[in-house]
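Okay, thanks for having me. Have a look at the structure on the screen, and I'll talk you through a few parts of it.

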Amino acid sequence: VEQVYGAEHLLRLLVKLPVFLEATRMEPDQQAVLQVKLQELLKYLQRNHATLFTAPYETPSKAYVEWWEALDKASGAEDPTPGGAAAAGSKVTALRER
């Protein structure tokens, strides 16, 4: 998977994860376990950043950015964060329809 999606994409998911988790009915004890495991994952990413984040960042093309922005607008996302959970769901649907 790392050959297709780098660790940068994993970090993007981790940033949006709280929004996704708000929609779940996870018990507090399960949330605590998940939080510990996510902290361990972040520590691993930090310790191994030199090997995990080797590819230089490439700025996306204007056409790519416009395409994602159009998906955000079309989704009518209510999530106030850019590309929030609502937009992510509609983007996945749009990608599947392609």
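One definition before anything else: helices (H or I, at least four residues) and strands (E, at least two) are DSSP runs, numbered from the N terminus. What we have is a predicted model, so to speak of local features I need pLDDT of at least 70, and side-chain atom pairs count only at pLDDT 80 or more, while totals for chains, interfaces and linings use all residues. Residues are numbered from 1 along each chain as its sequence is written, and side-chain values use heavy atoms, with hydrogens and water left out.

The protein chain has 5 helices and 0 strands, and from the N terminus the order reads α-α-α-α-α. For contacts, meaning heavy atoms within 4.5 Å, take the ones in the protein chain with a separation of 6 or more: 51% of them join residues 24 or more positions apart.

Accessible areas come from the Shrake-Rupley method with a 1.4 Å probe, and for residues only the protein chains shown count as cover. The protein chain comes out at about 8100 Å², with 58% of that belonging to carbon and sulfur atoms. Buried means under 20% relative accessible area, exposed over 50%, and partly exposed in between (1.4 Å probe, protein chains only). Of the 98 residues, 11% count as buried.

Now the second largest pocket. The search runs on a 1 Å grid over the protein atoms alone; a pocket is an open set of points with protein on both sides within 12 Å along at least five of seven lines, and lining residues have an atom within 4 Å of a point. Grid points are joined across faces, edges and corners, and a volume is the space filled by probe spheres set on the points. Here that volume is about 160 Å³.

Which helices line it? α1 (7–22) and α2 (28–47) each supply at least two residues, and α2 gives the most, with 5. Among the lining residues are L14, L17, P18, M26, Q31 and L38. By class, the lining has 8 nonpolar, 2 polar and no charged residues; Ala, Val, Leu, Ile, Met, Phe, Trp, Tyr, Cys and Pro count as nonpolar, Asp, Glu, Lys and Arg as charged, and the others, Gly among them, as polar.

Also in α2 sits L41, partly exposed at 28% relative accessibility. Beyond its neighbours within four places in sequence, L41 is in contact with L10 and L14. L41 and L14 are 27 residues apart in sequence, and 10.0 Å apart C-alpha to C-alpha.

Last stop, the aromatics. Rings of Phe, Tyr and Trp (its six-membered ring) pair if their centres lie within 6.5 Å; planes under 30 degrees apart are stacked, over 60 edge-to-face, and the rest tilted. The whole structure has 3 aromatic pairs. One of them is Y64 with W68, edge-to-face at 6.1 Å centre to centre and 65° between the planes. Why about one helical turn between those two? Because Y64 and W68 are 4 residues apart in helix α4 (residues 62–75). W67 and W68 are edge-to-face too, with centres 5.0 Å apart and planes at 75°. Y64, W67 and W68 form one aromatic cluster. Y64 is partly exposed at 44%, W67 likewise at 27%, and W68 at 22%.

Terms used: On a 1 Å grid over the protein atoms alone, a cavity is a set of points where a 1.4 Å probe fits but cannot get out, and a pocket is an open set with protein on both sides within 12 Å along at least five of seven lines; lining residues have an atom within 4 Å of a point.
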